[in-house]
Amino acid sequence: MKPTVDKLIDQMQMLFKDLVAKDLMAPNVISISPDRTMEQAKELMRLKKISGLPVVENDILVGLVSIEDIIKALERHTIHDPIYKIMTKNLIVVSPDENLPQIFDKFTRTGFGRFPVVDNQKRLVGILTKEDILRGILEEFRLLYVRDKRRQDVIDGEALNRSLITGEEINKLGADFAFSIDYVEISLSGIGAARLKEFLKGRGIEEEIARKVAIATYEAETNVVIHSGSSGNIYCFIYPEYVRVRVEDHGKGIEDLDKAMQEGYSTATDQIREMGFGAGMGISNMHRYSDKMVIVSEIGKGVIVEMQFFLKDTANGS
Amino acid sequence: MKLVDISKILEAKVCSGEEKLNDLEIERVGAADMMSDVLAFAKPGMLLITGLNTPQVVRTASIVGISTVVIVRKKQIPEETIQAAKMFGIPLLHSPLPMYTACGVLYTNNLKDIRSF
């Protein structure tokens with residue numbers, strides 16, 4: 001596992017050199033104060049399954065306890081001593097603005113597995129492991145973007161009128177099918193998808209494909225009704241090789257990308273759950289039934305879901 | 001098994017789709033209360049047993065191609081749900097049996113689940 005992680009990070013670092021420590025680090029670090037004993041540090045590390053514990057006094061990072069420090073304390077019978085006597089005090093830290101190549105250089109030169117991230121007032125703001133870096137890189141790759149400042153223009157800008165998948169311009173006024181989603185009346189959810197299915201069948205689209213489109217659209221439509229707190233629209237375009245569906249809203253946006261992607265996670269209310277939704281399968285179902293999918297979201301601005309469904313003969317893509 | 005026979009076994013009241021009772025042949029049955037599960041796993045033509053009575057059930061059925069919906073556990077079925085079933089041409093049955101029993105009697109009558117299509 002480890003050599004693979006190193007190799008991957010090495011290959012990726014130049015591609016992602018704009019990533020900085022504060023994007024990658026795990027915030028909310030577990031820490032301990034220096035007047036506790038090494039025994040207490042050991043217990044905390046065991047319970048939290050961590051191999052390095054930052055020592056913090058009044059928010060300021062003053063040291064680090066590693067597994068090695070614990071082993072030495074056990075050997076030397078100093079396990080009941082206060083941490084400040086034993087902890088590692090000469091620390092190599094990372095600042096929140098250091099970029100990926102700089103961080104990676106520190107990993108290589110020191111051979112350490114983790115670095116505390118410390119701001120210019122020496123306050124501990126996070127911790128950074130190689131796994132965090134890898135996760136950060138993977139996140140950049142994801143189909144699913146929850147927005148940050150760098151992508152602010154995506155939802156504001158011209159992307160609204162371009163395909164998120166192919167980049168070509170799309171004219172929503174010329175959509176083959178359009179439906180506006182009523183988010184006030186929850187019991188109406190699903191009507192858009194049901195109409196879309198009828199429409200596709202009427203246009204001679206095969207039942208099996210119309211079904212896939214309708215299922216994925218139903219989930220997207222339900223998400224608008226349940227989560228967005230805003231009105232939304234469904235647009236469908238029929239092309240010779242595929243069907244494209246866009247479902248857009250102007251609501252709250254997706255708050256937690258990682259969780260939203262997990263099958264089984266949902267922020268839906270009990271009322272929604274009683275109606276048979278809120279199982280946390282919406283995005284999984286869209287993914288399962290579409291051939292390509294991109295979701296763009298920004299908090300407070302809304303969500304755009306775009307999906308492509310290949311028509312039979314090009315089912316393997318082109 | 002013909003839907004008319006299923007409706008008898010389940011002691012069900014037929015709320016919509018009376019005209020299809022004698023013709024519709026059911027081979028597969030599934031039971032679920034989560035609509036997303038239905039969207040994920042339902043097979044076209046199957047009969048769905050559910051404890052939900054909202055119009056979404058019927059819309060979900062129509063979208064995935066479920067042929068028949070059987071509502072169990074509920075005392076009443078809202079008029080909206082019945083209207084939706086009529087609109088989509090989906091037979092809607094209302095059975096007084098508990099879900100477990102409804103599933104059990106159909107299973108013992110050799111109706112299959114959604115696997116091995």
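**Figure 1. Contact between chains A and B in the predicted model.** Chain A brings 20 residues to this contact, and chain B brings 19. On the chain A side, helices H9, H10 and H13 (282–289) each supply at least two residues. H10(A) gives the largest share, with five residues. By class, the chain A side that touches chain B splits into 10 nonpolar, six polar and four charged residues.

**Figure 2. Helices H9 and H10 of chain A packed together.** H9(A) covers residues 191–202, and H10(A) covers residues 207–228. Their axes lie 8 Å apart, at an angle of about 160°. Angles over 145 degrees count as roughly antiparallel, so H9(A) and H10(A) are roughly antiparallel to each other. The crossing of H9(A) with H10(A) is right-handed. From H9(A), the contact residues are A:Gly192, A:Ala193, A:Ala194, A:Leu196, A:Lys197, A:Leu200 and A:Lys201. H10(A) answers with A:Glu207, A:Ala210, A:Arg211, A:Val213, A:Ala214, A:Thr217, A:Tyr218 and A:Glu221. Eight residues of this contact are nonpolar, two are polar and five are charged.

**Figure 3. The open sheet of chain B.** Five strands make up this sheet, in the order S1-S5-S4-S3-S2. Their pairing is mixed. Strands S1 (13–16) and S2 (29–31) of chain B stand at the edges. Each has a single partner strand, so one side of each is left without a neighbour in the sheet. From one strand to the next, the twist averages 25°.

**Figure 4. Strands S3 and S4 of chain B, with helices on the sheet.** S3(B) spans residues 47–50, and S4(B) spans residues 68–71. The two strands run parallel and are joined by four bridges. In S4(B), B:Thr68 stands opposite B:Leu47. Helix H3 of chain B (residues 55–64) lies across S3, S4 and strand S5 (92–94) of chain B. H3(B) runs at about 155° to S4(B). Helix H4 of chain B (residues 79–88) also packs on the sheet, where H4(B) touches S1, S4 and S5 of chain B. The direction of H4(B) makes about 70° with that of S1(B).

**Figure 5. Stretches of chain A with pLDDT under 50.** Chain A averages a pLDDT of 83, and 87% of its residues score at least 70. Over residues 143–152 of chain A, pLDDT stays under 50. The model has 17 contacts beyond four places in sequence for residues 143–152. Residues 314–318 of chain A also have pLDDT below 50. That stretch has six contacts in the model beyond near neighbours in sequence.

Key: Residues are numbered from 1 along each chain as its sequence is written. Chains are lettered from A and ligands numbered from 1 in the order in which they are written. This is a predicted model: local features need pLDDT of at least 70, side-chain atom pairs count only at pLDDT 80 or more; totals for chains, interfaces and linings use all residues. Two strands pair if DSSP finds at least two bridges between them. Axes are lines fitted to C-alpha atoms, for helices over the stretch in contact, and angles run from 0 to 180 degrees between N-to-C directions. Two residues are in contact if their C-beta atoms, placed from the backbone, lie within 7 Å. Angles under 35 degrees count as roughly parallel, over 145 as roughly antiparallel, 65 to 115 as roughly perpendicular and the rest as oblique. A crossing is left-handed if the near helix is turned anticlockwise from the far one by less than a right angle, and right-handed if clockwise. Ala, Val, Leu, Ile, Met, Phe, Trp, Tyr, Cys and Pro count as nonpolar, Asp, Glu, Lys and Arg as charged, and the others, Gly among them, as polar. pLDDT is the predictor's confidence in each residue, from 0 to 100.
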